[in-house]
Amino acid sequence: MLAVDARGLVKFYGTAPALRGCDLAVAAGERVALLGPNGAGKTTLLKVLATLVRPSSGALRLLGIDALRSPSLVRARIGVLAHETYLYRDLTAAENLRLYAQLYGLDAVEERVAAMLARVGLTDRAHYRVGTLSRGQQQRLALTRALLHTPALLLLDEPDTGLDEPGQALLADIVRASGAAVVLATHALERALALADRVVLLAEGRVIHTARTAELDLATLREVYGTAAPVRA
Ligand code: ATP
């Protein structure tokens with residue numbers, strides 16, 4: 001069963017197309033990096049996959065479920081880390097995770113919350129309100145929120161945002177250890193090569209190239225990437 005089976009996704013914002021017929025197939029446990037210049041459609045594609053935005057046309061199955069017919073069934077099984085952290089600023093770090101754990105109907109909530117906070121180095125910030133945490137600390141917490149219910153599919157939009165070097169390495173470790181299928185949008189080509197099994201290059205709302213990272217080096221990837229980012233006057 002595929003984790004993602006997207007066919008012919010089209011998304012118009014008004015009359016402007018952000019996706020012009022995107023196909024994407026991701027196997028269970030496979031990690032895919034979405035690359036492409038600003039405005040290529042990466043965030044839009046991730047939002048459609050996360051069932052946050054409905055496509056104008058196309059078909060989408062996630063984890064064997066028709067995501068356009070049953071978005072709430074899908075949402076319970078995917079983890080999303082987007083530009084928006086989906087954290088409550090006036091609640092503490094621990095309260096946020098507790099709340100999400102309860103929403104997901106998880107057991108052993110206190111143990112789970114403590115383990116997650118420890119995993120991302122936030123134990124000493126457990127009782128701080130999110131609004132008082134630094135950008136990188138909030139991103140670490142948002143990552144734990146996305147992973148709390150052990151999703152089989154992770155959708156990550158520029159997850160390195162705000163993370164220091166150890167934080168970026170930790171993110172990669174956690175994502176690898178999760179065993180989940182991953183679709184990750186990033187501009188960090190080197191990190192994409194290290195973390196992903198496959199890169200998918202988007203330009204102007206379409207997939208223009210895909211390659212297995214085992215068969216790709218950084219210089220070649222840079223060259224291919226360059227073809228997607230023509231210099232505009
Ligand atoms: P970046 O690398 O800059 O994050 P991206 O590849 O994630 O870019 P998107 O954010 O998906 O690109 O945007 C794709 C196109 O859709 C852009 O031209 C953008 O202006 C447009 N777009 C995105 N969201 C909206 C919206 N809510 N309303 C109108 N147009 C939008």
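Predicted model: local features only at pLDDT ≥ 70, side-chain atom pairs only at ≥ 80, totals over all residues.
Is Thr 51 buried or exposed? At 12% relative accessibility, Thr 51 counts as buried, because buried means under 20%.

## Two threonines with positive phi

Thr 51 lies in the loop between α1 and β4, the latter covering residues 57–62. Its phi is near 60°, a positive value in a residue other than glycine. Most residues other than glycine have a negative phi.

A positive phi, about 40°, is also found at Thr 150, which is not a glycine either. Thr 150 belongs to the loop between α5 and β7. At 64% relative accessibility Thr 150 counts as exposed, because the limit for that class is over 50%. Thr 51, at 12%, is buried.

## The ligand site

Which residues are around the ligand? They are Tyr 13, Ala 18, Pro 37, Asn 38, Gly 39, Ala 40, Gly 41, Lys 42, Thr 43, Thr 44, Glu 158 and His 187. Sorted by class, this shell holds four nonpolar, six polar and two charged residues. Helix α1, residues 42–49, gives the largest share of the shell, with three residues.

A backbone N or O atom of Gly 39 is 2.8 Å from a ligand oxygen. For Thr 43, a polar backbone atom lies 2.8 Å from an oxygen atom of the ligand. With His 187 the side chain takes part: one of its N or O atoms is 3.0 Å from a ligand oxygen. The ligand on its own has 640 Å² of accessible area, and the protein covers 58% of that.

## Salt bridges between parts of the chain

How many salt bridges does a search of the whole structure find? The search finds 10. Among them is the pair of Arg 129 and Asp 90, whose closest N and O atoms are 3.7 Å apart. This pair links distant parts of the chain, 39 residues apart: Arg 129 sits in the loop between α4 (109–119) and α5 (135–147), and Asp 90 in the loop between β6 (78–81) and α3. Arg 129 has a relative accessible area of 41% and is therefore partly exposed. Asp 90, with a relative accessible area of 62%, is exposed. The C-alpha atom of Asp 90 is also 6.4 Å from that of Val 130, although these two residues are 40 residues apart along the chain.

Another bridge joins Arg 98 and Glu 110, with the closest N and O atoms 2.8 Å apart. Arg 98 lies in helix α3 and Glu 110 in helix α4, so this bridge ties together parts that are 12 residues apart in sequence. Both residues are partly exposed: Arg 98 has 24% relative accessibility, and Glu 110 has 43%.

## A salt-bridge network

Asp 160 and Arg 191 meet through their side chains in a salt bridge of 4.0 Å, N to O. Asp 160 is in the loop between β7 (153–157) and α6 (165–178), while Arg 191 is in helix α7, residues 189–195, so the bridge ties together parts that are 31 residues apart in sequence. Salt bridges that share partners join Asp 160, Glu 165 and Arg 191 into one network.

Where do the two partners of the 4.0 Å bridge stand in terms of burial? Asp 160 has a relative accessible area of 19% and is buried, because the cut-off is under 20%. Arg 191 is at 27% and counts as partly exposed.

Which residues make the nonpolar surface patch of about 300 Å²? Tyr 88, Leu 99 and Leu 103 make it. Leu 103 lies in helix α3, which covers residues 93–103. Its relative accessible area is 64%, so Leu 103 is exposed. Helix α3 also holds Arg 98, the partner of Glu 110 in helix α4.

How values were computed:
Residues numbered from 1 in each chain as written. Heavy atoms only, no water. Patch = residues over 30% accessible without salt bridge, like charges linked within 9 Å, V, L, I, M, F, W, Y side chains within 5 Å. Areas by Shrake-Rupley, 256 points an atom, 1.4 Å probe, with all protein chains shown as cover. Helix = DSSP H or I, 4+ residues; strand = E, 2+ residues; numbered from the N terminus. Buried < 20%, exposed > 50% of the residue type's maximum accessible area, 1.4 Å probe, protein only. Near = heavy atom within 4 Å. Polar contact = N/O pair within 3.5 Å; in protein donor to acceptor, adjacent residues only side chain to side chain. Nonpolar A, V, L, I, M, F, W, Y, C, P; charged D, E, K, R; others polar.
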